[in-house]
Amino acid sequence: MPQDSLLVAALGDIHGRFHRVEAWLDALEQARGRRVDLVLAVGDVEAFRHADDHRRKAAKRAMPAEFAEYADGIRRVKRPLYFIGGNNEDFEALHDLPEGGELAPDVHYLGRAGLRTLGPLRVAYLSGIHAPRFIDQPLKRPTSLDTAKQAGYFRTPEVEHVSAMRDVDLLLVHGWPRGIVQKARDERLAPSRPLPSPWIGNPVTRKLVDTVHPKWVICGHSHKPFAVALDSHGRALSRVACLDQAARPDTAVFWLEFEGREAQRAGWGVSGVAAWQAGQRWGLHTLPPLEESDGPGSVPVDNGATA
């Protein structure tokens, strides 16, 4: 293994399930025979500092309040974890950290929008989802249920900030870019695989991808795996990987192995088997096999704002 090789693991919406994703990463390390150097999470992490806060604010989803153990020092993550905000977070705690910060040892909130150099990689990020009614409204301190919900929407200045980024290796966003399902339909990339509805995703995130031209885009939110490559006016491909929530590892964990700043191989789940290698085509054929619950009647949850 080259000395400058880097193994990056990406996680779909954790929703408070820190214990299971730590076990999944243990299994990935064992399968790959090396340490996971960096973990990236694409929002809806639900890193509530106090268990009571989590139970009060996330009770409708009955998700575990496991992050409190990490915040209190009872447990510690084994690998550096960097995450963006989704639309279900402890927004009261994150509001005063727009540029990011460490919430527990080795657990880092990246912030609302920006670019961070992590190892050799240039990682751009945009927290939140698209809500047309609020994109041009000022961000208010989340002191009520309404303002907390609005904190999960990105704003125009944040989008413009990320749009100015160039030479980006990874772009982390919560919601899907609009049009990626239609592209798969048009190209008949996997005719035997049921595809979600083409309206999934939002046009703002799609325009961001087309402007920044990141090498890889990683997103969550809709709780389904998806993979497609986007090209724009002859520019280099942006390979998009959409991750499931942390229900099962095969679709909620995605890993990339880099040499320098170039991805050499990638895979889903914790088996350690590469589904893609440099020079190969990227698309739906790289996804893990469907389970029975992923049949034609199963479509992703958009989880988007209706505002």
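Q: How many nonpolar, polar and charged residues are in the lining of the second largest cavity?
A: Rolling a probe the size of a water molecule over the atoms shows where empty space is left. In this predicted model, the lining of the second largest cavity has eight nonpolar residues, two charged residues and no polar ones.

Q: Which residues line the second largest cavity?
A: L11, I14, F18, V21, E22, L25, V39, V77, R79 and L81 line that cavity. Helix α1 (residues 18-32) gives the most to this lining, namely four residues.

Q: Is E46 buried or exposed?
A: Relative accessibility decides this, and under 20% counts as buried. E46 has 0% relative accessibility, so it counts as buried. E46 is placed in the loop between β2 (38-41) and α2 (51-57).

Q: Which side chain is joined to that of E46 by a polar contact of 2.7 Å?
A: The partner is H15.

Q: Which residues of helix α7 are buried?
A: In α7 (residues 180-187), the buried residues are I180, V181, K183 and A184. These residues cover an arc of only 160° around the axis, which puts them on the same side of α7.

Q: What covers the buried residues of α7?
A: The cover includes α8 (203-212), β10 (226-230) and β11 (238-242).

Methods:
Residues numbered from 1 in each chain as written. Predicted model: local features only at pLDDT ≥ 70, side-chain atom pairs only at ≥ 80, totals over all residues. Heavy atoms only, no water. Buried < 20%, exposed > 50% of the residue type's maximum accessible area, 1.4 Å probe, protein only. Helix = DSSP H or I, 4+ residues; strand = E, 2+ residues; numbered from the N terminus. Arc of directions from axis to C-beta. Contact = heavy atoms within 4.5 Å. 1 Å grid on protein atoms, 1.4 Å probe; cavity = no way out; pocket = protein on both sides within 12 Å on 5 of 7 lines; lining within 4 Å. Nonpolar A, V, L, I, M, F, W, Y, C, P; charged D, E, K, R; others polar. Polar contact = N/O pair within 3.5 Å; in protein donor to acceptor, adjacent residues only side chain to side chain.
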